[in-house]
Amino acid sequence: MNWRIVGVIFRNEIRMLLRDRRTIAVGVLLPLLIYPLMIYANRVTTRQREKNLTETVYKYAVSGSQAEQVRGLIARGQAAPPGKNASKSEEEGNFQGFRIQEVTTQDPAALLASGDIHFYLKGLSGKEADALPVEAAKPKKEQETGSSKPKATPEAVPARVAGVPLIQIYFQGDRDASQVGSSKMRDLLARARSLDRDVLLQQKGLPVDPALVMPSDETDVARAAQVTGSYVGRFLTFLMLMFLMSSSSIVAIDSIAGEKERGSLETLLTTAAKRMEIVAAKQLSIVSVALVITFIQIANLLAYVDFKLVALPKDWVIELPPVTVVTLLLLFTPMAAFVASILLMLSAYAKTYKEAQLYFFPVNLLSWVPALAGVLPGIALRSAIVLVPVANVSVAVREIMVGKFDWPMLAAVFAVMTLAAAWAVRASAKLLSKESLITASEADAADFAGGPVLFPKHVLRWYGVMAAVLFAVALNVPHLATFRAQVLFNELVIFLGASALMVWKYRLNVREAWALRPVNPLAWLGVLLAVPSGLIVATGVFRLADLIFPVPQRVLEQFGNEIMPKDVPHWQLFLFIAVLPAICEEIAFRGTLLYGLRRKLRPVGLVLTVGIIFGLFHVALFRILPTAFLGVILTTMALLTGSIFPGMVAHAANNALSLWLADSGFSLGNLSWIWYLSATAVFALAFYILYRSRNPYPGLRR
Amino acid sequence: MDPVEVRGLAKTFYDEARGEVPAVQGIDFECHAGEIFGLLGANGAGKTTTLRMLSTILTPTGGSATILGHDIASEPTEVRKCLGFYSASTALYPRLTARETIEFFTRINQYSGDVKQRVDYLIERFGISKYASARIDKLSTGMKQKVSIARTVAHDPPLLIFDEPTVGLDVLNALDMQDVIREFRAHGKTILFSTHIMSEAEKLCDRIAIIHAGRILACNNLEGLRAVTGERYLEDIFVHYVRGQG
């Protein structure tokens, strides 16, 4: 590496950047202006909201057979002395400025709908409440029995005792004042009930004020700086990454993709500079610009804090001793280099500026996943997380900010990040030697030919759109949120429907595209052995994944209930979990996707890519690795047998077996490691049989 | 030893849609010192791929080549130090001035002499003085062409490669380009030149290689080609070989 050449290119890059007014405006000036404006606007609207809510006189109505008792309860709640039997939130002024006014009406629902009142209460006798359907009688957020706190989660709320009265609070969740007013009223009623209870206990002979019996006291032994550090440390890496990504992208995208588009990259490649020197200089310029812009933005934010434009929470003490600052810099610098390298790779991979911008969006989103590792509870730096770039920095920064310096692990984080950055730089340099990526002007024959010839170019876009639709629908269409509707929509519309659409649009031969070919009979023996052994091996992989991304048991149980609901008959579970996915997903992944990518990648890359895409479609972060593993197995089967059918049978059998095991309460996750090792041996034998009886997938890239 | 020696040079691209595409299929030729050697072929014949392999932008998939004794596969940096590459697709940096551009390429190509003197000489030599401080994006096509030529020879390389240098130029600028190439030859440079314009090859080249579908069909001086084919005009000679191949 000739550093004089690197210096010449670096100075050239910086000079050109400084002359690009648009870049300077978008990267530096715009954020400098927009942030104070955004923060100021937010501050003004927040204050205005608080003012409005404080000044509001909350109008309400009371109805029902127990209306008088409700009115009495409200009056007692209002009359209660502050601090007496009050929770911490109440002491913090929950009822300060809570002014209420009752409106008399025969039809409170109509007044609530017209906005004339903010909420209304309905007092029911015990008999009336008992007669309600179970759901309506259950205490929940908008109902008040006088015994529960509104912030309690539904499962933590005790069931209502039969025969006791019930107060229902009705409000309009889409109106701010209605929601806030009803919430304060709920707290007021709770306070009144609590006072009533105390009075009752004293009347029944309790010699002291119940509030004085077993009072609890809490002392936070952490220093204010540690508490602040624990909050800041969780999100600091994420914030830094966002700053670095946005500022790096300004230079990185133009750095190679822009040069390709202008034709100057080819000029540069014909000079005496080596590829590695070119990449190093560009990387250096990206890192420099990213760090400078990030520091400007941080200084900008600190200036707002200093000018009191941004109000920090009470008791915030940020301690940054020199050792913390230096350690943070040591961790963030290789992270900045890594981010720059990744963006440089992206820029080198894209043929045009626009294409690079398209790639930037998903890369930016993906980068959030490891950056938020510090937010996940239960992950310590002394775990396999230390090997995961960016995630390791996130966890390390969280520990550093509370004053915990695990030097050997911090050194490991630094080493992993540096190695990752170096690897990405090398990969970028290699991309500059890839002829198909050097020049942007090469016309692609596929665009002219269209049809099946064009399909390989478009296949990944299709799966990108399919993933976007799958996520968007799952999040935004409540009608499809039930188990049956979601499975039917995903399998029949997204996987099978889109695959059929691709076959139709690109005029593909369906037998070829979906690999509908006969199978060597001996291969079925391999499939038979592969299914149970593969499931055990996959469970072992899952346990290994758990070491890196430990999944809370509660999340697992909730997820298990969602994918295997208890109220669905067995035959339907078998249909929805085993049969449909085996047919539709195999057609989508080992059919059209594999067919589209078969000439793009060599077999190993093909198996991994199809497997990982299959895993990514399985939504939950902790499911990606095991399902990607299953995807790799099924793709290998398709490549060895040249047919989709063994994968279909294996997929169905795998899911059915998992279902049966879950139903019978037997967990493969509790087996000893010898089981996993034995299963691996059987699994290897299964693939040996598949290999011996192979009928390779046609048209693969060698 | 000739400045350029090409033996069995081949390049096969892998295209996702079409599979393997042989762009250059084992070509042999050599350029003698101080001559203009022309690669004449239609679009897609393999001219640009050949020149890109010789300038080490692309890696050959077969055969070998040496540039002033340096192997293009094993000594790419040495190869690039002793050549200047010019093509219609090698653009300049729009935000640099003409002077900065020439200086950048002089430095990056590791010119051994005084960089400032060299830059001043090139600015004077190519008549760039009037707009030496103007940014490239403000220059006309003709001005850019002069700066491009100046950056190609910035480090005074003994071999110059011109890949279809007159594409996109008007008649006067194209004639200027031809004059410059002749002048370089007069100064002892070896020039490897590709074109699909018959008249250009006829006027400029000392020897011509007719390339078609990745293969060299003939390689001789114009008189030699005329004698073999019995045709007078280069256009007819070219058609003779290409149709004969078909």
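**A helix pair and its surroundings**

Modeller: Happy to! Let's start with chain A, where the axes of helix H23 (residues 570-597) and helix H24 (residues 603-616) come within 11 Å and cross at roughly 135°. Please keep in mind that this is a predicted model. Angles over 145 degrees would count as roughly antiparallel and 65 to 115 as roughly perpendicular, so H23(A) and H24(A) are oblique to each other. The crossing of H23(A) over H24(A) is right-handed.

Now look at the side chains. From H23(A) come A:Phe589, A:Leu593, A:Leu594 and A:Leu597, and they meet A:Leu606, A:Thr609, A:Val610, A:Ile613 and A:Phe614 of H24(A). Sorted by class, this contact between H23(A) and H24(A) holds eight nonpolar residues, one polar residue and no charged ones.

On the H9(A) side you can find, among others, A:Leu244, A:Ser248, A:Ala252 and A:Ile256, and the partners in H12(A) include A:Phe332, A:Ala336, A:Val339 and A:Ala340. The contact of H9(A) with H12(A) is made up of 15 nonpolar and four polar residues, with no charged ones.

Next, the wider picture. The largest nonpolar core has 142 residues, and the members that touch the most others are A:Ala290, A:Ala336, A:Val339, A:Ala340 and B:Ile161. Helix H12 (residues 322-349) of chain A gives the most to this core, with 15 residues. Another core, of 68 residues, lies apart from the largest one, and A:Ile577, A:Cys584, A:Phe617 and A:Ile689 are among its members.

Finally, a word on chain B, which supplied B:Ile161 to the largest core. Chain B has nine helices and 10 strands, and buried residues make up 45% of its 246 residues. If you take the contacts in chain B between residues at least 6 apart in sequence, 67% of them join residues at least 24 apart.

Notes. Residues numbered from 1 in each chain as written. Chains lettered and ligands numbered in written order. Predicted model: local features only at pLDDT ≥ 70, side-chain atom pairs only at ≥ 80, totals over all residues. Core = buried A, V, L, I, M, F, W, Y, C linked by C-beta atoms within 7 Å. Buried ≥ 20, exposed ≤ 12 C-beta atoms within 10 Å, placed from the backbone. Helix = DSSP H or I, 4+ residues; strand = E, 2+ residues; numbered from the N terminus. Axes fitted to C-alpha atoms, helices over the stretch in contact; angles between N-to-C directions. Parallel < 35°, antiparallel > 145°, perpendicular 65-115°, else oblique. Left-handed = near helix turned anticlockwise from the far one by under 90°. Contact = placed C-beta atoms within 7 Å. Nonpolar A, V, L, I, M, F, W, Y, C, P; charged D, E, K, R; others polar.
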